[in-house]
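Please open the structure in your viewer and keep the sequence beside it. The stops below are given in the order in which they can be selected.

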Amino acid sequence: MVNNKLVILASLATLASTPTTGADGLHSSLSFPQCTSAELSSNSHDDETLEYEVLRKGKKIGTHRIMFNQTDRGLKVTAKTKMKVSILFVPVYKYEYVSEELWCGGELLSVETRVNDNGTRSTTALVNDGETYTAHAGGETYKLTDDFFTTNHWNPDVVQTDTLFNTITGELNEVTFEEAGEARLETKLGEKQVTRYSVDGQLTINTFYDRSGNWSGMAFEHKDGSPIEFRCIKCGAPKTLEAS
């Protein structure tokens, strides 16, 4: 889990205690020693960027991207979501999400997330202080000692956990993952054979991973009751290209 693994897998009122954003990203104000071992685990991706489309009621409303970059402070994994819903070509809802994880040698150093939910801006932060993690959310600061994964989805080992750090709320969510059968997803590169996992508890979603461990998307119900789907565009080889 968190202490020795790369984490997966997704914030209310800007926090005065949260580090400020600089020109080179969310982590520019944090001080970390130079990282000489920033490699991904066996769950790494050959692609530097994973791409997904976001659908509402089957209609595309946005995009989601996960980007991997080596820096002198470690491996930076950035997840970005942009969504817009329009009625008669007039935008009625906009959503932007940016979450940035920093890793060194397979250890999570920090996570910082910014959200703009239709004009309501918020942030959360999580920093490794050596023995535990310090979280900043909702104007409060507290320690996390449990093993957990984050809700940024890209690491398939998340299906083995029962605790998630919610990057939007800054809270720990208790969940259960249950394998729920095989499914087929269409991508721009062809059809992918994936395994569906049903997530229940304080989060309720369906999430998908192909047999190579690539996160292939998720489906859930928005707070307004509409179905939302994140569908793979570029997230590992499709079934026809995978090794048998």
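Select Asp117 and Lys223, which form a salt bridge whose closest N and O atoms are 3.6 Å apart; the term stands for a side-chain nitrogen of Lys or Arg within 4 Å of a carboxyl oxygen of Asp or Glu. The pair links distant parts of the chain, since Asp117 belongs to strand β5 (residues 107–117) and Lys223 to the loop between β14 and β15, 106 residues apart. Strands here are DSSP runs (E, at least two residues), and helices (H or I) need at least four, with numbering from the N terminus. Asp117 is partly exposed at a relative accessible area of 22%, whereas Lys223 is exposed at 71%; buried means under 20%, exposed over 50%, and partly exposed in between, with a 1.4 Å probe and protein chains only.

This is a predicted model, in which local features need pLDDT of at least 70 and side-chain atom pairs count only at pLDDT 80 or more, while totals for chains, interfaces and linings use all residues. Residues are numbered from 1 along each chain as its sequence is written, and side-chain values use heavy atoms, with hydrogens and water left out.

Next, colour the strands on either side of the loop. Strand β14 (residues 215–221) runs antiparallel to β15 and is joined to β15 by five bridges, and one of the bridge partners to display is Pro227 in β15, which pairs with Glu221; two strands pair if DSSP finds at least two bridges between them. In this hairpin, which has five residues between the strands, Gly225 takes a positive phi near 95 degrees.

Now follow β15 (residues 227–234) to strand β1 (residues 49–56), where six bridges join the two antiparallel strands, and where Glu51 has Lys234 in β15 as its bridge partner. Glu229 is partly exposed at 22% relative accessibility, as is Arg231 at 26%.

Finally, zoom out to the whole protein, which has zero helices and 15 strands and holds six salt bridges.
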